[in-house]
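Please look through the sequence and the model shown here before reading on. The report is meant for someone meeting this structure for the first time.

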Amino acid sequence: MKIDRRSFLSLGIGAAAGTALSPLPWKITDDLSIWSQNWPWTPVPQDGEATYVNSVCTLCPGGCGISVRKIDDRAVKIEGMKGFPINDGGICILGLSGLQLLYGPTRIASPLKRTGKRGEGAFQAVSWKQAISEVVDKLSSLRKEGKPHTVAGISGEREGTTGRLFKRFLTAYGSPNFMHVPSAADASEQVLYLMHGQGTTLGMDLENADYILSFSAGLLDGWGSPVRMFKANSRLKDKKGKLVQIEPRLSSTAAKADKWLPITPGAEGALALGLAHVIIAESLHNREFIENYTSGFEAFANYVRNGFSPDIVAQITGIPKAGIVSLAREFAGASRPVAICGRGQGDTPGALCEAVAVHALNALVGNINRTGGVWSVAQPVDFNWSQVWPDEPARMGLARKRIDGAGGPLLPQSLLNRFPQAVNGKNPYEVQALLVSNANPLYTMRDVESVKKAFDRIGFIVSFSSYMDETAQYSDLILPNHHYLERYEVVEGIKGMTSPFIGMAKPVVKPLYNTRHTADVIIELASELKGTVAAAFPWASYEACLKQTLGYKVNALAEDGYWMDGGYMPPDWSNAFKTPSGKFEFNLSPFKHKVYTHPEGDPSIFPLVLIPYDSLRLANDQIGNAPFMTKTVADTVLQKSDAVVEINPETGKQLRLAEGSLAVLKTPKKTVKVAVHLSQGVGPGIVAVPRGLGHLGNDRYLAGKGVNVNDLIGPVDDVVSGLDAAWGIRASLAKS
Amino acid sequence: MKEGHNQIQTSKFGMVIDLDKCTGCGACMVACMSENNVPFREDESDKLLSITWMRVYQISNGKPYPDNEICYLPRPCMHCEGHAGHSPCVSVCPATATDYDSASGIVSQIYTRCFGCRYCMGACPYHARYFNWWDPVWPKGMEQYLSPNVSPRMRGIVEKCSFCFHRYQLARDKAYYEGRRTIKEEEYQSACTQACPAGAITFGDLLNPGHKVHQMVLPDLNHHGRPRNPHAFRLLERLGTNPKVYYLSGREWVRRAGDNYVQGEKQAEHH
């Protein structure tokens, strides 16, 4: 048969019509869609019995209660615990991401010993027995050589039982060198010491305040106990209170504040004194408090009268004179005003004079130890542990000077910021061994390069980290702690809390890997070291220690997850102050030097000022971001693997930098590549850099993204307290 | 759109987000991702490809420093009712993979029916829908946290916020079991509402005068749920999508940013 055009077409059309009328194409499409969606590698989560386990989150020092939903043995969701005094059901982005840390690829599965060069990341798994005996061998030989003081410890916790046990271990062993990771709490402790005469914690009754004046404190960017701050702010909004944010950058806190006053970076302390000037000049201060319960007011009044007139302060801060005067009037005129400092999340102590100046404002309006004000809060637990009786070698060690030069009546207990300088420079002795618990100094400390250099001079570094973070990667031996959802932990010293409070974290799931509680390891190390070191630890385990320490509170803690002195009221003014005068002291000693500090760097080479900024979406402490968190990071903060810095469009124009263009950011410490975001939220001449990026450790969802701002900024010792007072550094930016 | 196909009282679940309280912290986004087994990839900085059922946008008043103001705007699926359930996406879905449930007011997404034509994504004026360009991959061990209440999705389909419909199902089952016809307000709350540390999100039944969402926005049910609270607004109100997510703000420029206006035009009055 000859196939001509006509028959070809009709056959074709006939075939098409036939196929279309038959069920075949529809069947194939249907099958195709079913088949294409039935790929076996899409997981099908196992169903099972659903239960909830309550615990306390220890990812940050906020101390929120959490309820973890479980399906059989698996934890599937973290929620905030309803009725918990700090967060009442609310939860932050980091707390929500905890399961990605628990089940994530960055966990350390067993004790590890370094095999390659330091920092290379080559480790071999060893048994706990071997790991512990290696530490014991090193520590006992140092003790035998009469060098127990050459062992140093870095702890992430100022308080907490594990931190205390760690410190006790070093004391019994014979080293004075226990250091904790500093924060604004160290500065406020110093403030209380100077002005109240005692070193308790500073509580903020923000729930009852009606006017909050924040000096760059990122109350809504993760300051203090973040969820509590959020709730207090919402409450303030409901009752039409006012939040005024003084900050160089339009942060989330500034965005939500009723008023944002952009200030020259670093001039916060000067502004506080300027406000004091106006309050005193216009007699707006609380006479009852000032006249009866304070000392040194006249000298303070003279000091601010002479040096901090609104004209001068306007020049220093960049805030117009009229603005300063009206702000002072508003603050003093509010019924329950409170002034707060601690930049960003309050992770850096800052200059002492600044903290003292801000606290002086609270004293001027007399809102100390009163509803809606600033409270001194008593210790929640009396750690009635038996005294440590060091033996002769330990006594010799303890008699040595601390490597960081801390201690003494006026200095803080620890000055970790000075540790790298001391090790690298004129140190009184070589540090031979370093133990790091719950901290990641190779990421969180300023000028990471110098910290690394210091670490290179230390022969033996032990990390207790649960995660393969920068410090764990750089250590010789890793004795991994249980993950925070696998262990007991006592939480105390919650920043800004107005009642004595302790929380108790407890295991939500069984330990996934061959890990051990750091406190248990410390107890075991002590018992292996025998003698007086072992005698200082009369407990068989951490749990036994907790039971003995917490006494009657144990039941409340086990049941509710917390113990709180709910009816706590701070002492009234006549009993509140333990200073020599028995009164609140306007202490001028921190003002011996200039209140307004200039950032490091030569302005002619580095014309811009770099300030770091904090965001809740970027965890920047020892815990790195979980993948979910990084997913929420805006493309104005991170683009592919480039960190994005914020500059004012005017600065951009001068430097010929457009939105998104790549640039070289240079500071006296380091040069890095960044992308640029033109923002109307920062003033000309400022470069704002996000904190929490630039990890080298952790997983591939975090490592190698952006730059670590701590690489770019060096520490600056506060002349009075010795704490790190740096808030930024000079920088230059040029098209790359 | 079957009427009364179950005995549970008909509801119109909706959400009110107080933009004056929202701090842009992102907790709602992660609460949603961890509740709903949302996957993640190594690089999520290309936001067009990043699956976020709940996304927090940042809007600005456009003024230069130092008068610049910003506001955060969380955007879940709006669960538009349109006119009688003709929401933009439902109208275009050829597979009935997305449907308007008149009993709860929730716009569903049935993953096994979706074959990925993405018409709904084109139709949605809120960019609330996301396409799975890749298979979800969890690093080894991490699948352990996946919830059995929400099925993980596969490559080639569209997904979006479900108002945590599985939570509604659980609450409904419980009510059935206890012989009730009503679900109590606290029994059904979305994951983002529950997590929000600022208490900026409120969730409930817009039809129920006892529920907070109703009291907050006072929806005018004769006029497609338009809010009677002058501080409340909906996104792109003028499109007539009749969304069930309301926003509150005391700032005029924020309310104005919720819709498009011709230059110089005054904001449309509600009522």
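## The model and its numbering

This is a predicted model, in which local features need pLDDT of at least 70 and side-chain atom pairs count only at pLDDT 80 or more, while totals for chains, interfaces and linings use all residues. Residues are numbered from 1 along each chain as its sequence is written, and chains are lettered from A and ligands numbered from 1 in the order in which they are written.

## Domains of chain A

Chain A is divided into domain 1 (5-36), domain 2 (127-175 + 381-485 + 513-555), domain 3 (196-378 + 570-592) and domain 4 (608-735), with bounds that come from an automatic or database domain assignment. Between the centres of domain 1 and domain 3 of chain A, taken over C-alpha atoms, there are 79 Å.

## Helices H10 and H15

In chain A, the axes of helix H10 (residues 268-281) and helix H15 (residues 352-364) come within 8 Å and cross at roughly 25°. Helices (H or I, at least four residues) and strands (E, at least two) are DSSP runs, numbered from the N terminus; axes are lines fitted to C-alpha atoms, for helices over the stretch in contact, and angles run from 0 to 180 degrees between N-to-C directions. H10(A) and H15(A) are therefore roughly parallel to each other, since angles under 35 degrees count as roughly parallel, over 145 as roughly antiparallel, 65 to 115 as roughly perpendicular and the rest as oblique.

The residues of this contact of H10(A) with H15(A) divide into 11 nonpolar, one polar and two charged, where Ala, Val, Leu, Ile, Met, Phe, Trp, Tyr, Cys and Pro count as nonpolar, Asp, Glu, Lys and Arg as charged, and the others, Gly among them, as polar.

## Helices H5 and H21

Helix H5 (residues 128-144) and helix H21 (residues 518-529) of chain A pack at an angle of about 50°, with their axes 10 Å apart, which makes H5(A) oblique to H21(A). Their contact includes Ile132(A) and Leu139(A) of H5(A) and Leu525(A) of H21(A), and by class it has seven nonpolar, one polar and two charged residues.

## Where chain A meets chain B

Counting two residues as in contact if their C-beta atoms, placed from the backbone, lie within 7 Å, 63 residues of chain A are in contact with 51 residues of chain B. On the side of chain A that touches chain B, the largest share, seven residues, comes from H8(A), and the residues of that side divide into 29 nonpolar, 22 polar and 12 charged.
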